[in-house]
Amino acid sequence: VTLLVKNENAKMHFSYSIGARLQYNINEHFIAGIGVYYAWANDKITSFSNTATSHYKTLDVPLLVGYSIKKNKYALAINAGITINLNAVRKSEGFDMLPYPHYFQTDDAYKRNAGISYYGSINVSIPAGEKLNLFAEPYFKYHPSNIVNSMEPFKQTINTLGVSFGFRYDLYKK
C-alpha cells in the first residue's frame, strides 16, 4: 500500500540534458553516430503537505544508426539505437514525510549504473551557413530495466520524451 501511495504522488518535473554527437555518413542515406550525454531528471513527491524532490543524474553514451532524406536544403533523419549508461546518481532533498517516511527510499537504493536504454528520434535540420545546420530532434528513450538495487522491495524505471535543439557542423562537407 505504501508504494502505491508513493507512485500516485510522484510527478516528473522539468529536466534537461546536454550532449555532443559525432556522426558519419555511410552513404547518401545511411548514418552512424556516437556521442556523450549528461542528463538531469527531476521528480517531486507531495504528501501530507510535505514535499520531497529527487534528482537523477546520468552520463550516457549513445550508439545510433539512421536513415536520412535530403530535400532541397532541408534534411530529415530517423535515428535508432541504444544508450549505454556509464554512471547514474540519485540525490534527494526534503524527506521529512512523517508519519509515513518508510515509502520514500534512500539514495543508496539506486544503482550506480543503470544499464542500456533504447533510443529513437526524428531529426529535422535546415542550413544556417555553408557547413552549419540548425536542428530539432524529438526523441524517446525507453529504459527497460529496474534502476533500483535488487534488494529493494520496489522497482523503478525512467523513460524520457524530449526535444533536442542545436547545431551541426559538417567537418568534411565538400
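Here's a quick tour of the protein shown above, from its overall layout down to a few single residues.

This is a predicted model, where local features need pLDDT of at least 70, side-chain atom pairs count only at pLDDT 80 or more, and totals for chains, interfaces and linings use all residues. Residues are numbered from 1 along each chain as its sequence is written, and side-chain values use heavy atoms, with hydrogens and water left out.

**Overall layout**

- Start at the N terminus and the elements read α-β-β-β-β-β-β-β; helices (H or I, at least four residues) and strands (E, at least two) are DSSP runs, numbered from the N terminus.
- The protein has 174 residues, and 32% of them are buried. Here buried means under 20% relative accessible area, exposed means over 50%, and partly exposed is in between (1.4 Å probe, protein chains only).
- Look at contacts (heavy atoms within 4.5 Å) with a separation of 6 or more: 61% of them in the protein are between residues 24 or more positions apart.

**How confident is the prediction?**

- The score to know is pLDDT, the predictor's confidence in each residue, from 0 to 100. Its mean over the protein is 81, and 77% of the residues reach 70 or more.
- Among the elements, strand 5 (residues 116–127) has the highest mean pLDDT, at 95, while helix 1 (residues 2–9) has the lowest, at 50.
- Residues 1–5 have pLDDT below 50, and this stretch has seven contacts in the model beyond near neighbours in sequence.
- Residues 98–103 also stay under 50, with nine contacts beyond four places in sequence.

**A buried lysine**

- Find Lys 141 in strand 6 (residues 132–142). Lys 141 counts as buried because its relative accessibility is 15%.
- The side chains of Lys 141 and Asp 60 make a polar contact at 2.7 Å. That term means a pair of N or O atoms within 3.5 Å; within protein, one must be able to donate a hydrogen and the other to accept it, and residues adjacent in sequence count only if both atoms are side-chain atoms.
- Setting aside neighbours within four places in sequence, Lys 141 touches several residues, including Asp 60, Thr 83, Tyr 118 and Asn 159.

**Rings that pair up**

- Rings of Phe, Tyr and Trp (its six-membered ring) pair if their centres lie within 6.5 Å; planes under 30 degrees apart count as stacked, over 60 as edge-to-face and the rest as tilted. By this rule there are four aromatic pairs.
- One of them is stacked: Tyr 16 and Trp 40, 6.1 Å centre to centre with 15° between the planes. Tyr 16 sits in strand 1 (residues 10–25) and Trp 40 in strand 2 (residues 30–47), 24 residues apart.
- Tyr 118 and Tyr 142 have ring centres 6.4 Å apart and planes at 15°, so this pair is stacked. Tyr 118 belongs to strand 5 and Tyr 142 to strand 6, 24 residues apart.
- Tyr 118 is partly exposed at 45% relative accessible area, and Tyr 142 is partly exposed at 38%.

- Most residues other than glycine have a negative phi. Asn 72 has a positive one, near 60°.
- Asn 72 lies in the loop between strand 3 (50–71) and strand 4 (74–93), and Asn 72 counts as exposed because its relative accessibility is 72%.
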